[in-house]
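Subject: Structure handover

Hello,

I am passing on the structure we talked about.

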Amino acid sequence: MTRLAALLMCSVLAAPALAQELRATGDLGVIVERATGSVLIVDQSERAAIGRVEGLGDLSHASLVFSPDERFAYLFGRDGGLSKIDILTQQVVGRVIQSGNSIGGAISDDGKLIAVANYEPGGVKIFDADTLEELAHIEADGKALGLEDAAGRKFVFSVWDTNETKIVDFSGAEPVVTTLSDIGANPYDALVTDDGRTYIAGLFGEDGLSAIDLWAEVPEVKRILPHYGRGQEEMPVYKMPHLEGWAKAGDQIVLPAVHHHEVLWVDARTLEETGRTAVHSQPVFAMARPGGRHVWVNFAHPENDTIQVIDTMTHEVIGEMVPGPAVLHMEFTSRGTEAWVSVRDENKVVIYDTTTLEPIGEIEVQSPSGIFFTARAHRLGL
Amino acid sequence: MPERLAMTALIAALLALPGAAETISPEKADELRHLLYQDCGSCHGLTRKGGLGSPLTPEAMEGRDRDGLVEIILDGLPGTAMPPWRPLMSEAEAYWIADYLLKDTVQ
């Protein structure tokens with residue numbers, strides 16, 4: 001009798017406490033505060049910040065990936081810091097300074113490996129996702145960048161100085177590296193399409209781009225848009241464009257041009273050019289909203305206060321917004337209903353309704369750059 | 001005519017003294033510092049330890065020629081990713097940035 005009462009009492013006490021503590025991560029996100037070395041944890045449904053994690057080093061150009069359970073964020077800092085953040089407890093649960101200068105990372109498709117691309121010393125280091133113990137160092141004779149995950153515990157990256165792309169297959173006990181020479185002059189970034197099939201590298205030092213079919217028995221470099229850029233005046237590039245896994249819009253791939261104020265359209269299967277859209281300035285990100293109906297574009301310094309929205313069927317600009325000075329990044333909610341936009345120099349993230357293109361909310365963030373929602377955990381190439 | 005001459009002389013004097021020609025107001029200095037940290041920082045790193053661009057730390061700038069730096073800033077380094085900033089800034093502004101980069105170095 002007393003035992004039963006005690007038991008009842010226990011469950012009564014335990015239930016509300018549990019309800020309070022339980023929290024799902026599916027609508028959470030992490031925003032990089034680049035100048036203060038911190039990240040803000042945000043709740044998409046509440047359109048609000050729910051916490052801040054500090055002490056993360058130089059976060060200019062920082063990016064992050066999520067663990068498959070969407071609980072941990074692996075943050076890649078410019079200063080070579082790799083931090084593992086528990087977004088529920090809002091604590092740093094692991095941190096290593098793994099190089100002097102790094103540029104981004106990736107998580108393997110099985111969620112077990114974290115890879116980081118380094119400038120100094122050049123190459124890619126691979127870590128155990130649980131412990132951050134270093135498992136391998138794939139050396140390169142230059143700045144490694146454009147690091148992407150591919151199906152089957154593979155990573156693909158390119159080297160700015162040596163014009164190579166390396167495919168690292170870590171499905172066995174030791175990584176096996178295949179080097180493709182001649183990806184083109186000065187690859188500056190790359191993407192893998194969301195089906196995991198096509199790796200595309202942007203080239204700074206020559207016309208066109210390069211693509212690799214990762215499904216091929218023997219992957220080869222194929223030049224695409226080879227005449228792109230010829231006979232046109234090169235314009236100075238004050239910020240390198242980014243290529244991202246958000247490039248696929250239906251059966252097309254959308255790419256920001258470099259040296260030109262254009263967005264390029266490529267057929268996802270044939271990789272032939274299907275069009276160009278003249279835009280406001282040097283594009284930095286061209287991101288297809290989930291579903292691929294529209295593409296949002298932001299721009300390099302000094303014309304970086306503006307965003308344009310392009311219809312993927314007509315390739316026409318259908319909207320233009322001016323969120324404020326230094327728009328650095330955009331992120332869509334998982335089904336594309338909202339776009340969150342970081343406005344660095346006004347210390348805010350502005351939230352847009354993607355149908356009306358009207359702002360519907362705002363969050364105060366210190367010098368925001370990258371915005372990352374946890375739904376990324378379940379996509380290849382992000 | 002004399003006015004024209006005086007004007008020409010004035011312009012010549014201004015051109016000869018690029019560093020001092022135009023004084024940089026405190027507000028302008030704030031803007032330039034911001035530009036250096038944030039927008040140069042996108043290639044050179046917020047702490048200027050380098051990225052796609054080379055390090056611009058005091059150690060890296062040690063013994064560097066002021067005019068040489070200004071030339072790089074204004075005209076860029078063709079064949080590399082360093083863009084020319086002339087379309088976006090005046091010579092005086094470039095001198096201010098060069099001096100800022102040289103500030104903590106031993107010349």
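Predicted model: local features only at pLDDT ≥ 70, side-chain atom pairs only at ≥ 80, totals over all residues.

Chain A is split into two parts: domain 1 covers 51–234 and domain 2 covers 241–382. Between the C-alpha centres of domain 1 of chain A and domain 2 of chain A there is a distance of 21 Å.

The contact between them involves 43 residues of domain 1 of chain A and 35 residues of domain 2 of chain A. Together the two domains of chain A bury about 3200 Å², and 60% of that area is on carbon and sulfur atoms. On the domain 1 side, A:Phe66, A:Asp194 and A:Tyr228 lose the most area to domain 2 of chain A, and together they make up 20% of what that side buries.

Charged and polar pairs also link the two domains. Four salt bridges are counted between domain 1 and domain 2 of chain A. A:Asp195 and A:Lys248 form a salt bridge, in which the closest N and O atoms are 3.9 Å apart. The count of residue pairs in polar contact between the two domains of chain A is six, with both residues at pLDDT 80 or more.

Several strands contribute to the side of domain 1 of chain A that touches domain 2 of chain A. Those supplying at least two residues each include β4 (63–66), β12 (144–150) and β16 (187–192) of chain A. Also among them are β17 (198–203), β18 (209–213) and β19 (221–224) of chain A. Sorted by class, this side of domain 1 of chain A has 22 nonpolar, nine polar and 12 charged residues.

Regards

Key
Residues numbered from 1 in each chain as written. Chains lettered and ligands numbered in written order. Heavy atoms only, no water. Domains from an automatic or database assignment. Contact = heavy atoms within 4.5 Å. Buried area = accessible area lost by both parts, 1.4 Å probe. Salt bridge = Lys/Arg side-chain N within 4 Å of Asp/Glu carboxyl O. Polar contact = N/O pair within 3.5 Å; in protein donor to acceptor, adjacent residues only side chain to side chain. Helix = DSSP H or I, 4+ residues; strand = E, 2+ residues; numbered from the N terminus. Nonpolar A, V, L, I, M, F, W, Y, C, P; charged D, E, K, R; others polar.
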